Amino acid sequence: MNNIKIEATERSPDIDFNFAENNFSIRGESYPEDVSEFFGKITQQFYEYVADLADTELTFTFELIYFNSSTAKVLMGLFDRLDEIAEEGNKIIINWCFEEDDDNMEELGEEFGEDLEHAEFNLVPKETDE
Amino acid sequence: MLAKQMLDFRKSLHNEGVVFCYSGYMTEDVLLSIGSVIKKKLAADSVDKKVVRGVFSVFVEQVQNVIRYSIEEDTGGQQNEEIELRYGLLMVGLKEDQYFVSCGNLINKKNVGTLREGLNHIQQLDKEGLKLLYKSVLRRSVPEGSKGAGVGFIDIAKHATNGIEFDFTDYDDQFAYFSLKAYI
């Protein structure tokens, strides 16, 4: 599968889906005009890819500064699916990065992470750039 | 006369603590430009970063709620109605040391009951309850209609550390005016 690389804009995040290395990330701000238009295709490709995943180690990193509630739906879908493929025997590592002084983003990470039963989940504080 | 009128208007906004006010069509372009103005203004006023984030989140959800509602609500092909529904009034302000974001827009009268019920429910929930409701709505596979109290309103309530207020009033036979104020 071809890797996906989309640069961030003021309102949409940087997407880096490296299928060859099983390394995925979503970083930045996310409140796109049309969430399904922005995320629809790339999440579909991701879901197709993981459908046949076996005995694989995969890392998914979220490093979001802000996301709206429509994006939250997409994230919830990804978390649930990642946990399923972990249950199927893959080693799934989810990193949730947040600026160290952003309690809200840390809390959102906890909220999403607490339902995971099989995937490994890391809350990763980052130094705030001023 | 003109200047006096405008000044009076400005004074009454000022008395309400309004720092920023927009009245007009809610579009994604408006969202982007006003959002950046609000962030810059609050940062320039040295407002706590957490408050800035909260205000910005509530602002985005308020505006997107109006936009989404005007699109999703079946207007039976009546262009006028769609335009009416997209017309919103948005204010960001500071009163008694609390920031607030308030928004008003027209909704169809038939949606008032469900929305009121949904918002009453949200208003009563504590932090844990809001979190659970938020996650259960996020997991719903069908797109939840903005006609009830969708995930946007739950998100607003989560960020409104000092609570939300809302109200409805009759506009005409078909429409009611809806307003929601969130305190951060």
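How many of the 24 residues of α3(B) are buried?

**View 1. Helix α3 of chain B, inside a predicted model.** The count is 18 of the 24, so α3(B) is largely enclosed by the rest of the structure. This helix covers residues 49–72 of chain B. Its length checks out too: at 1.5 Å a residue it should span 34 Å, and the end C-alpha atoms do sit 34 Å apart.

**View 2. The five-stranded open sheet of chain B.** Read across the sheet, the strands come in the order β1-β2-β3-β5-β4, with antiparallel pairing. At the edges you'll find β1 (18–25) and β4 (164–170) of chain B, each with pairing on one side only. On average, neighbouring strands here are turned by 15° against each other, ignoring direction.

**View 3. Zooming in on β4 and β5 of chain B.** These two run antiparallel and are joined by seven bridges, with β5(B) taking in residues 175–183. To pick out one pairing, look for Glu165(B), whose bridge partner in β5(B) is Lys181(B). Helix α5 (residues 112–124) of chain B packs on the sheet, where it touches β3 (98–108), β4 and β5 of chain B. The direction of α5(B) makes about 165° with that of β4(B).

**View 4. Where α5(B) meets α7(B).** Helix α7 of chain B (residues 151–159) packs against α5(B) at about 30°, and the axes are 10 Å apart. Angles under 35 degrees count as roughly parallel, so that is what α5(B) is to α7(B). Their crossing is right-handed. On the α5(B) side, the contact is made by Gly118(B), Leu119(B) and Ile122(B); α7(B) brings Phe153(B), Ile154(B) and Ala157(B).

How values were computed. Residues are numbered from 1 along each chain as its sequence is written. Chains are lettered from A and ligands numbered from 1 in the order in which they are written. This is a predicted model: local features need pLDDT of at least 70, side-chain atom pairs count only at pLDDT 80 or more; totals for chains, interfaces and linings use all residues. Two strands pair if DSSP finds at least two bridges between them. Helices (H or I, at least four residues) and strands (E, at least two) are DSSP runs, numbered from the N terminus. Axes are lines fitted to C-alpha atoms, for helices over the stretch in contact, and angles run from 0 to 180 degrees between N-to-C directions. Two residues are in contact if their C-beta atoms, placed from the backbone, lie within 7 Å. The expected span of a helix is 1.5 Å times one less than its number of residues. A residue is buried if 20 or more other C-beta atoms lie within 10 Å of its own, exposed if 12 or fewer, and partly exposed in between; C-beta atoms are placed from the backbone. Angles under 35 degrees count as roughly parallel, over 145 as roughly antiparallel, 65 to 115 as roughly perpendicular and the rest as oblique. A crossing is left-handed if the near helix is turned anticlockwise from the far one by less than a right angle, and right-handed if clockwise.
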